[in-house]
Amino acid sequence: MTARELKVPGIAYGGDYNPEQWPEEVWAEDVRLMREAGVTMVSVNIFAWALLEPKEGAYDFSRLDRILALLHENGIAADLATPTAAPPAWFFRAHPDALPVDRDGRTLSYGSRQTFCPSSPAYREAALRIARVLGERYADHPAVVMWHIHNEYGCHNAECYCDTSAAAFRVWLRQKYDDDLAALNHAWGTTFWSQWYYDWDEIIPPRPTGAVPNPTHQLDWRRFCSDALLSLCKAEREVLREAAPSTPATTNFMVMYNFDKLDYWRWAPELDIVSNDHYLQSTDPESQIDIALSGDLVRSLAGGRPWLLMEHSTGAVNWQPVNRAKTAGELRRNALAHVARGADGIAYFQWRAAKAGAEQWHSAMLPHAGTDSQIWRDVVRLGADLRSLAEVRGSAGVAEVAIVWDWSAWWAVELPSQPSGEVRFQDLVRAWYEPLWRSGVAVDFVRPDADLSPYKLVLAPSLYLVDDEGAANLTGFAEAGGTLAVGFHSGAVDENGHVRLGGYPGAFREALGVRTDELFPLLPGESVDLAGLDEGAAGEVWSERMALAGAEPIATYASGPLHGVPAVTRHTHGSGTAWYVATRPDPTTLASLLDRIRDEAGVKPVRETPEGVEAVLRRGPDADFLFLINHGDQVAEVEVSGAATELLTGGGVEGRAVRVAPGDVVVVREPRDG
Ligand code: GLA
C-alpha cells in the first residue's frame, strides 16, 4: 500500500518515554539503561502539549530538541507523537465550547486527558496547528522514524453529546443520505412512535429519553462517532504527510476487551502502519487467549502485514479494580506471543514508572524499585530475545480459517430491546475462537464482504446485522465449495437494523436450509439439554423453534419447550456446506463441534502440540518461524521439520523434536524447500 516503512532494524523494542516528567539529570541514566536493555525505539511527546505550546501560538521546542538529540546520539529511534490527546488548560479557558458533554448532559472539565469534543472546530484547528508546526520542525530529524498520531483515539471521549456534535452529526447524516430527509426517515423507521423528522435541525444525538431510543438512530450515531474521530486522525496525517512525505504514520488502536467505540476496519487502511495497545484483564484466567485473539484481529486489520504492539504492560496496570502483577515468565510469554501473531515491534507503557500523576501505580520497564528488580531483569532478557528474532521481521501469518468480525454487527446486537440482553458479541467470538486456539488452528478475522478465497472454513459466531453484499459474499463462499458455520441470531437484520422478514435467520436462511418462526432465548443461568452431540451437552443463552428446509439435524433440544426441535444443523449448499448453531453450546460441546466442522473442512492445526502449548507460525520468504509457547506445567516435546534451528538459543535442533519447558517459549526456524 505504501513505501512508508518503519526504518528500525529487526523487531523494534521500547515504550512510551515521558522524560518531560523527570528532571534532566535522569535522562542520561534513561538512555544508558535503554541501551543496556536493547531498546531501539521510543514513543515521545505523547502528552507534552502544555509544555510545547505554553500559550496559543507561542512554542518552546527546546526540551524536545534536547530529548530527540539525546536519543539520536544513543542510536535510539523516535516515534514522535502529536500531543493532541491532551490539550492544555489555556486551550479550554479560551474555548470552553470544546469541552465534551457526556450522555447525561454533563459538561466535563479539563484536568485529565482527552477532554475535548471530537467535532469542535477550535480543537481541530489547535490540533492541526501543533501537528503542522511539529511536523515541519522535525520532518528531517534523523531520530524521527514514525509519527504517532494522537493517542488511543476515543479512549475517553468517543461520544460527545454537545450541540456542536449534534450539528456535526447532522452534516454526516446529510452526506450519508444524500440530503434526502425522507430517505433517513425510511432508514430509521421513524413512522414508529411519531418520530418522523421534517427538518434536519430536529435531529439530535441519542440523548437519554423517556423510553427506548430509535435503534437505527443509535446505530448511525455510533458510526458517526467513529468517523468523527477518524476525520481528525486523517487530518493530522495529511498535515504530517505534507511536512514529511516519506515518514510513516500510525495511531495506536485498542483492540482489546470491551473497547467497542471505533470501527477499525475503516481506520486501518488510512494508516501506514497499524499499531495496537493490549492490556490483560486481571479477571481473565486465560489472558493468553485474549492476546492471541487480539493479535490475530490486529494482523487482519493490517491486511496480513506486520504490525506494532505499541503498548502493553510489564506488570500491573492501575485502572482495574484490582491490578494483578504478572507471574514468573509471563512478561516474556506475553511479548513473544504478540510477535508470534505478527508484531514487528514490542513496546510498553511506559519506560520509567512515574512518581507522580494519575498513573504512578502503573508498571513500567524501569520500575520504582530500579534495576535491582525482576521486571528489569525480564526487560533486559526480552531485549536479547527480540534481537535474536530479527529475521522474523516481515514474515506473515497463514490461516485457513476466517472469523467474521464486524463493528456494526457488534453495536447492533447489543442495543437495548433485543430478544435477549445476554447476547454479547465479543463473548461469542471468544467462545468460538477458544477451541481453535486450543487446537493450534491459525485464524484470520475478516469483514463480511472480504475476499474469502484463501479460506477453507469461515465462521460467523455473531453476525446479527449484515448487509446484502456481505450476506451474499458469505453464502457464496459456501456455494462455491467452502464451509460456513453461522451462530444464532445472525443475518437477522439489514444494515439499517431492519428485520429480514419471512423467518430467521434472515439473510442466511436459504444457505443454511432452515427456517425459524420464533425465538426462545434462555434466562441467565438456564440451559437446555442437547441430544446428538457429546454426552451431557447443553445449550445456553439461546434457543429457537427451527424447522428444517433442506438441512440435516446434527443436534436437537432434549429438554424444555423445544424438545425435539433441531438446534444444530448441517446443509449442503451448492458445492459447500453451511452449519447453523442455534444455541450457545457449553464449552466442551462447542469445542468438539468445531473440531468436527474443521475436520470436515480439511483444516489442520499449525502443529500437533500437547495441551497448553500454543503453536503459531509466521511464514518468511524461505523459512517458517514456529513459535511454541508453553502455558502449562509439563515439559512438552513438539515435532519440527529437519534442518531446523532454534532462534532464541541460537542452537541447532537435535533429532526431529524440540523441548519446551513449562512457562518457556521456543522459536524454531524451519527452512522451506524450493
Ligand atoms: C493507555 C494509554 C497510556 C496509558 C496506559 C495505561 O493505553 O495509551 O497513555 O494510560 O493506557 O495502561
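The centres of domain 1 and domain 2, taken over C-alpha atoms, sit 38 Å apart. This is a predicted model, and its protein chain splits into three pieces: domain 1 (12-154 + 235-392), domain 2 (401-601) and domain 3 (613-671).

**Where domain 1 meets domain 2**

- On the domain 1 side, 23 residues are in contact with 17 residues of domain 2.
- Together the two domains bury about 1,900 Å² between them, and 56% of that is on carbon and sulfur atoms.
- Three residues stand out here: Trp 265, Ile 289 and Leu 293 supply 34% of the area that domain 1 buries against domain 2, more than any other three residues.

**Charged and polar links across that interface**

- The rule picks out three salt bridges across the interface of domain 1 and domain 2.
- Glu 286 has a salt bridge with Arg 438, and their closest N and O atoms are 2.8 Å apart.
- Polar contacts turn up too, with 13 residue pairs across the interface of domain 1 and domain 2 (both residues at pLDDT 80 or more).
- If you're wondering which elements to look at on the side of domain 1 that touches domain 2, helix H9 (264-267) and helix H10 (287-301) are the ones that give two or more residues.
- H10 makes the largest share of that side, with 10 residues.
- Sorted by type, the residues on the side of domain 1 that touches domain 2 come out as 11 nonpolar, three polar and nine charged.

**Aromatic pairs**

- Searching the whole structure turns up 32 aromatic pairs.
- One of them is Tyr 264 with Trp 267, an edge-to-face pair at 6.4 Å centre to centre, with 75 degrees between the planes.
- Tyr 264 and Trp 267 are separated by about one helical turn, because they are three residues apart in helix H9.

**Salt bridges in the whole structure**

- Over the whole structure there are 51 salt bridges.
- Take Glu 159 and Lys 261, whose side chains meet in a salt bridge at 3.0 Å, N to O.
- That pair ties together distant parts of the chain, 102 residues apart: Glu 159 is in the loop between S4 and H6, while Lys 261 is in the loop between strand S6 (252-253) and H9.

- As background, most residues other than glycine have a negative phi, and most peptide bonds are trans.
- Going from Phe 349 to Gln 350, the peptide bond is cis, with omega near 0 degrees.
- You'll find Gln 350 in the loop between strand S9 (343-348) and helix H12 (374-388).
- Another cis peptide bond runs from Tyr 504 to Pro 505, with omega near -10 degrees.
- Pro 505 has its place in the loop between strand S13 (483-487) and helix H16 (509-512).
- Glu 152 isn't a glycine, yet its phi is positive, near 40 degrees.
- To find Glu 152, look in the loop between strand S4 (144-148) and helix H6 (163-176).

Key: Residues are numbered from 1 along each chain as its sequence is written. This is a predicted model: local features need pLDDT of at least 70, side-chain atom pairs count only at pLDDT 80 or more; totals for chains, interfaces and linings use all residues. Side-chain values use heavy atoms; hydrogens and water are left out. Domain bounds come from an automatic or database domain assignment. Contact means heavy atoms within 4.5 Å. Buried area is the accessible area (1.4 Å probe) that two parts lose on being put together, summed over both. A salt bridge is a side-chain nitrogen of Lys or Arg within 4 Å of a carboxyl oxygen of Asp or Glu. A polar contact is a pair of N or O atoms within 3.5 Å; within protein, one must be able to donate a hydrogen and the other to accept it, and residues adjacent in sequence count only if both atoms are side-chain atoms. Helices (H or I, at least four residues) and strands (E, at least two) are DSSP runs, numbered from the N terminus. Ala, Val, Leu, Ile, Met, Phe, Trp, Tyr, Cys and Pro count as nonpolar, Asp, Glu, Lys and Arg as charged, and the others, Gly among them, as polar. Rings of Phe, Tyr and Trp (its six-membered ring) pair if their centres lie within 6.5 Å; planes under 30 degrees apart count as stacked, over 60 as edge-to-face and the rest as tilted.
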